[in-house]
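Biologist: Before I rely on any label, I would like to hear what stands behind it. Please take me through the terms one at a time and set each value against its cut-off.

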Amino acid sequence: MRNDWLHKSTGYMKIQVTHASPETFIKECQRQGVLTWEVTFQEEERFTAYVLLTDLYKLKKMAKLLSCKIKFQEKKGLPFLLKKLSSRKGLVAGILGFIAVLILLSNMVWTIEIEGTDPAMEHEVRHALEQMGIKKGAFQYFLPAPEIIQDNIMNELDGVTWIGVTKHGSSYHFQVVEKEIVEERPTTGTGHLVASRKAVIHDLFVEKGNPLIKPNQVVKKGDILVSGELGKEGKTTFIAAEGEVIGEFWYKVRVKVPLSQTIETVTGRTAKKHGLKIGNITVPVWGFSGLNTEEKYKEQISKDWEIFGYKTPFSHVVTHEYELQSIDRERAQKKAVAIAKEEATKKLMQMLSEDAIITGEKVLHETVDGGKVKVSLHYKIQDNIAVKQPIIQGD
């Protein structure tokens with residue numbers, strides 16, 4: 001029992017009892033609920049034993065009741081240790097200061113390693129890291145997470161395909177994979193340019209090949225627009241036809257837009273709460289109340305405390321709360337139709353090439369049903385309809 005952590009945390013004492021028989025004293029301890037152990041007999045009516053600090057008040061009563069003397073020989077445990085330390089404020093301040101400096105130094109950046117790239121790209125990566133505050137001597141507590149560092153560098157540097165970010169204690173390791181620029185090789189195969197869809201020819205720009213169509217001509221999908229076969233019968237050569245054929249065609253799009261819309265906005269009221277996380281338990285430290293509303297958005301940031309790369313069970317948790325307000329907006333039918341046109345245009349442009357042009361639009365049908373505006377739109381589009389089709393010899 002002497003080595004029980006509970007006794008050490010609550011404190012215990014070695015006492016010497018005189019002028020009382022051990023049997024009488026132990027019986028009275030059992031009656032009073034006083035825990036004793038390691039009872040050692042020295043001589044008649046004199047013995048030693050260990051008792052808990054929490055039973056001190058009961059021992060004083062027993063001393064009066066049994067008319068015996070109790071002398072404290074040893075005092076052990078956490079309460080007595082804290083009492084000794086309280087009289088040595090300089091030592092306590094030194095220990096706490098040493099722990100604080102140790103934690104501070106272990107949470108600073110001491111090493112930044114960049115591998116897998118040439119010196120020029122390494123310089124760009126280091127410059128990007130410095131812009132984010134990641135440099136030697138920086139305090140890790142205020143630096144972004146490795147995932148955010150990875151995203152920021154990949155978005156900022158065009159020459160980087162992928163970058164791996166690894167944090168080991170006070171060092172950061174970056175593995176860079178650069179983009180490989182592949183030179184486009186000239187096409188050596190022969191082929192025609194054929195229509196990818198039904199359209200009316202608006203214009204054509206032929207670089208190589210024999211054009212078989214002219215403006216205002218209607219073509220169907222698969223029709224040859226520019227032939228890769230040159231020369232007369234018996235004296236023909238085959239090349240890869242190149243160029244653009246701008247065709248005009250029509251497209252119908254149907255969209256639905258609700259007449260009412262619920263929007264969540266931030267009112268501007270915020271609250272910040274600080275907590276100390278130990279394992280899976282978070283103990284509030286500051287900002288206990290928070291926002292007194294159900295409609296709120298929470299953002300939680302947790303920073304682990306480390307000592308030279310070794311994680312401690314403690315984390316500092318900061319919770320930001322933002323008050324939200326739901327607003328119901330009613331759209332007029334004309335505005336809903338305008339929004340429908342905008343959404344339809346975005347939807348259509350995703351299906352076409354980057355060079356496509358909308359030359360005309362028309363609302364074919366417009367109805368209101370079930371709180372939604374249903375719109376049918378007709379678009380006139382100009383786009384390159386020429387695609388390559390290889391020439392198979394012998395066909």
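Biologist: How do you know how many disulfides the whole structure holds?

Modeller: A disulfide is counted where a pair of cysteine sulfur atoms lies within 2.5 Å, and a search of the whole structure with that criterion finds 0 disulfides. Cys29 is in no such pair, the nearest cysteine sulfur being that of Cys68, 9.0 Å away. This is a predicted model, in which local features need pLDDT of at least 70 and side-chain atom pairs count only at pLDDT 80 or more, while totals for chains, interfaces and linings use all residues. Residues are numbered from 1 along each chain as its sequence is written, and side-chain values use heavy atoms, with hydrogens and water left out.

Biologist: Are Cys29 and Cys68 buried or exposed, and what makes them so?

Modeller: Buried means under 20% relative accessible area, exposed means over 50%, and partly exposed is what lies in between, with a 1.4 Å probe and protein chains only. Cys29 has a relative accessible area of 1%, so Cys29 is buried, and Cys68, with 8%, is therefore buried as well. Across the protein chain, 29% of the 395 residues count as buried.

Biologist: Which class does Ser67 fall into, and why?

Modeller: Ser67 has 58% relative accessibility, so Ser67 counts as exposed. Ser67 is found in the loop between α3 (56-66) and β4, and Ser67 has a positive phi of about 55° although it is not a glycine. His19 also has a positive phi, near 65°, in a residue other than glycine, and His19 is found in the loop between β1 (12-18) and α2 (22-32).

Biologist: What makes a stretch count as a helix or a strand, and how many of each does the protein chain have?

Modeller: Helices (H or I, at least four residues) and strands (E, at least two) are DSSP runs, numbered from the N terminus. By that rule the secondary structure of the protein chain comes to 8 helices and 22 strands. Strand β10, where Asn210 has its place, covers residues 210-211.

Biologist: Why is the protein chain described as more spread out than a compact globule?

Modeller: The radius of gyration is taken over C-alpha atoms, and the globule rule is 2.2 Å times the number of residues to the power 0.38. For 395 residues that rule gives 21 Å, whereas the protein chain has 42 Å, well over that value, so the chain is more spread out than a compact globule. Along the principal axes, its C-alpha atoms fill a box of roughly 135 × 60 × 40 Å.

Biologist: Why is Asn210 called partly exposed, and what does Asn210 touch?

Modeller: The relative accessible area of Asn210 is 33%, so Asn210 is partly exposed. Contact means heavy atoms within 4.5 Å, and, not counting residues up to four places away in sequence, Asn210 touches Leu225, Val226, Ser227, Glu229 and Leu230. The C-alpha atoms of Asn210 and Gln300, 90 residues apart along the chain, are separated by 66 Å.

Biologist: Which residues are in contact with Ile70, leaving aside its neighbours within four places in sequence?

Modeller: Ile70, in strand β4 (residues 69-76), is in contact with Ile15, Gln16, Val17, Phe25, Leu59 and Ala63 once those neighbours are set aside. The C-alpha atoms of Ile70 and Val17, which are 53 residues apart along the chain, are separated by 4.7 Å. Of the contacts in the protein chain with a separation of 6 or more, 67% are between residues 24 or more positions apart.

Biologist: Why do Gly268 and Leu96 count as exposed?

Modeller: Gly268, which is found in strand β16 (residues 260-278), has 55% relative accessibility and therefore counts as exposed. Leu96, which lies in helix α5 (residues 89-106), has a relative accessible area of 56%, so Leu96 is exposed. Gly268 and Thr40 are 228 residues apart in sequence and 72 Å apart in space, C-alpha to C-alpha.
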